[in-house]
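Open the model in a viewer and keep the selection panel at hand. The stops below go from one selection to the next.

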Protein chains: 2
Amino acid sequence: MRPPRRERRLNETREAAGNGLLDRRAFLAESAGALATGAFMAFAPGEAGAAGPPETPTEMKVSGAPLSAYGAPATFEREVTRTLIRSQPGTTGAGASRTPLEALEGIITPSGLHFERHHNGVPAIDPAQHQLLIHGMVARPLIFTVASLLRYPMVSRIHFLECSGNSGVMYGATPPALTCGQTHGLVSCSEWTGVPLRLLLAEASADSRAEWILAEGADAAAMSRSVPMAKAMDDAMLALYQNGERLRPENGYPVRLFLPGYEGNMSVKWLRRIKVTDTPTMTKDETSKYTDLQADGKALMFTYPMEVKSVITRPAPGLRMTGPGLYELSGIAWSGRGKIRKVEVSADSGRTWAEAALSAPVLAYALARFRIPWKWNGAATVLKSRATDDAGRVQPTRDELIAQHGANVIYHYHAIQAWRVESSGEVKNVYA
Amino acid sequence: MRPPRRERRLNETREAAGNGLLDRRAFLAESAGALATGAFMAFAPGEAGAAGPPETPTEMKVSGAPLSAYGAPATFEREVTRTLIRSQPGTTGAGASRTPLEALEGIITPSGLHFERHHNGVPAIDPAQHQLLIHGMVARPLIFTVASLLRYPMVSRIHFLECSGNSGVMYGATPPALTCGQTHGLVSCSEWTGVPLRLLLAEASADSRAEWILAEGADAAAMSRSVPMAKAMDDAMLALYQNGERLRPENGYPVRLFLPGYEGNMSVKWLRRIKVTDTPTMTKDETSKYTDLQADGKALMFTYPMEVKSVITRPAPGLRMTGPGLYELSGIAWSGRGKIRKVEVSADSGRTWAEAALSAPVLAYALARFRIPWKWNGAATVLKSRATDDAGRVQPTRDELIAQHGANVIYHYHAIQAWRVESSGEVKNVYA
């Protein structure tokens, strides 16, 4: 007996890799074939069915809430928050909070959920009082007010920011029993607008022999990092706006340095000082921390760019599968070396791979959103994603990463992530 | 006597149009020449000067504020809010609030400042209870829960949304004494993520002879609009996420229709019903309002796409110029017909025009950010911007727009905006 027409169409959809991964183009606009029938019925078994109009809900019988001066998320979403993980017990402001990646979609992170990493809390800086000094190897030391910075030419760019310690827990001997965001949520992505740093360095007539700058924050930790002059003159900006509005306090209000692709701590927040130098300053923040201790006991310093990386955010720990059928796998990929070229996904623990669709626009130093349809047969399996950037760099396996750098390092973890999907629908972090 | 080197460099910068408009490339990355000296010193006269390090601010001497689960803007930005303009005195939830465009930069509008337009307030909808019915000319009427919609394939796109009544006050006999955002702030731009509507229509096996759909909201106004099937099958989506997180209540939580480029009211919020039909339904919302009354007494119906438009947001009413010197003019342009091709700016009331730089990426049905440097001589003058889209449509003058449509219409105002800059630095809305 022939299967019903709907099931035939579904079965005709080309399998792109093992264990049910379908062609990424199967449900895109150009795929007119899939539109002719209810091919997606399998997406919501038992949840969609023939019926008359739903009853008129209560909300339609009473006037709704008034307009508001500044909006907030729905109360029903109150559990979608940053996860606070303090690194210094007993302090209020030192630590990190993580973006709930598994609850988000697209590439923009709402500013309220952008990850935080503070070394001594969030200073409350009056922009009318704040000053930025540029000095050192310059012909003309300058002090800028925020008002003067706001008069300079600006650029806007959508860029990710990732803490070098993101996913560091994955170096541990056992896979963490955390949500996706709790493990990988020290990465976020915003539209940043600000003044190219090279304009201000030119204004101060920086010495052409200078090879470095020092950037210092106005927080109680005086967070300080050395930055190569080449980066400062290339795409570094003094960011004043985040996602359209002025910076949020926890992201450096009123002004931060922003270094596209570099580890997050170098994009110094609450920026108060730039010193032009001929050598790196060797600050506490680049000697006592933010160095990568290797297996042989040596430490790598000045490991700036974040490496190519990806993670499936749906499904992921913190979410559940709701029975066999068609799903869309969705995730994010990024590289501190440039643009994402492709993301491959495996539904059979890495034996076979299919290329996912990338949502346009795919931008340099920005999150890229990838998606691919998957017909889950209900059996336990392992999902993986593997990103390649336009420099040709490919995410390593966890074993490869540890073989290269050892497991003493706590920074720059970027290996392929494996999520085990149990037949119950539970999703777990595994080393596989 | 030769001018000092810095002034020479500035004078050498090519003037691109009358009254001080400079070449848009003058300060971009590719213009290495401008970097060699402090060409921008004129930007902040008296505000930047040689000095030693600023005093250590108080913020550096005490631990800062703790991490937070969901962030908020700096208290120093508390005046950057939506402006509430109620259209129905005595009601709490009918009216509109406007985005403070002159306080924003880039192309993303933070969701808390996205404009609102409600016809009977904001319903508080429990996503676990909400249902979406698809019925009418379909082989299989379906009811979708939000949970089932979340399993469907999604797309993410950055799109503007503009109320058809935006800038309507500009049809009046005298120019409004309002800020830029109060006049033009019924436009905002977000990254929207959701399910292509055509997938759900296919799921329901919509009749291929159907030419229209009806979309109905679950608010107390039962906001309802007819949408051509061609648009529904093209790029219409059921939006579930806005700027990464789930929709805000005032933007349709838990699900809204989104029609790229079309007037905002058609992107029906709190979507509860789609009926597939052979003709438009002629709802109250498309007969008693949202029609364009012409000078001859006839009214245009179904005027969907928002027309090509632009506005300079810096400087603009609500901001002040701070004395003669170099400025960057910054603004937004958009078109409901596609992408922005170019924006021209005039600093002499439209006698001469120079092309502004567009910030990448320039996306279809999205805000485009334009910028151009301007050397203001301190004399009163009039600034204008004029956008052209990739369909070749050019913004008309106000006189041309009124000659074509009359001044009875209150929708679809998109004429060239003139800002008068007084020698005092004040910026005013003028008809010029």
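Select chain A and chain B together: they bury about 10100 Å² between them, 59% of it on carbon and sulfur atoms. Buried area here is the accessible area (1.4 Å probe) that two parts lose on being put together, summed over both. Within chain A, pick A:Met60, A:Leu67 and A:Arg151, which lose the most area to chain B and together account for 9% of what that side buries.

This is a predicted model, in which local features need pLDDT of at least 70 and side-chain atom pairs count only at pLDDT 80 or more, while totals for chains, interfaces and linings use all residues. Residues are numbered from 1 along each chain as its sequence is written, chains are lettered from A and ligands numbered from 1 in the order in which they are written, and side-chain values use heavy atoms, with hydrogens and water left out.

Next, colour the contact residues (heavy atoms within 4.5 Å). In chain A, 127 residues are in contact with 126 residues of chain B. Of the interface residues of chain A, 99% are also interface residues in chain B, so the copies meet through the same surface.

Now superpose the chains, by least squares on the C-alpha atoms of residues with pLDDT of at least 70 in both. A rotation of 180° with 0.0 Å of shift along its axis places chain A on chain B, with an RMSD of 0.0 Å. The two copies are thus related as by a two-fold rotation axis.

Which residue of chain A forms a salt bridge with B:Glu77? Select A:Arg246, where the closest N and O atoms of the pair are 3.8 Å apart. A salt bridge is a side-chain nitrogen of Lys or Arg within 4 Å of a carboxyl oxygen of Asp or Glu. Between chain A and chain B the count is two, and over all chains the structure holds 46.

Stay with salt bridges and move to A:Arg248, whose side chain meets that of A:Glu245 at 3.0 Å, N to O. Buried means under 20% relative accessible area, exposed over 50%, partly exposed in between (1.4 Å probe, protein chains only). A:Arg248 is buried at 6%, and A:Glu245 is buried at 5%.

In chain B, select B:Lys231 and B:Asp235, a salt bridge with its closest N and O atoms 3.0 Å apart. B:Lys231 is buried at 7%; B:Asp235 counts as buried at 10%. Then go to B:Arg386 and B:Glu344, which meet in a salt bridge at 3.1 Å, N to O.

Finish at A:Leu21 and B:Leu21, which touch the most other members of the largest nonpolar core, a set of 82 residues. Such a core consists of buried Ala, Val, Leu, Ile, Met, Phe, Trp, Tyr and Cys residues joined through side-chain atoms within 4.5 Å. Leaving aside neighbours within four places in sequence, the contacts of B:Leu21 include B:Leu329, B:Val345, B:Ile372 and B:Trp374.
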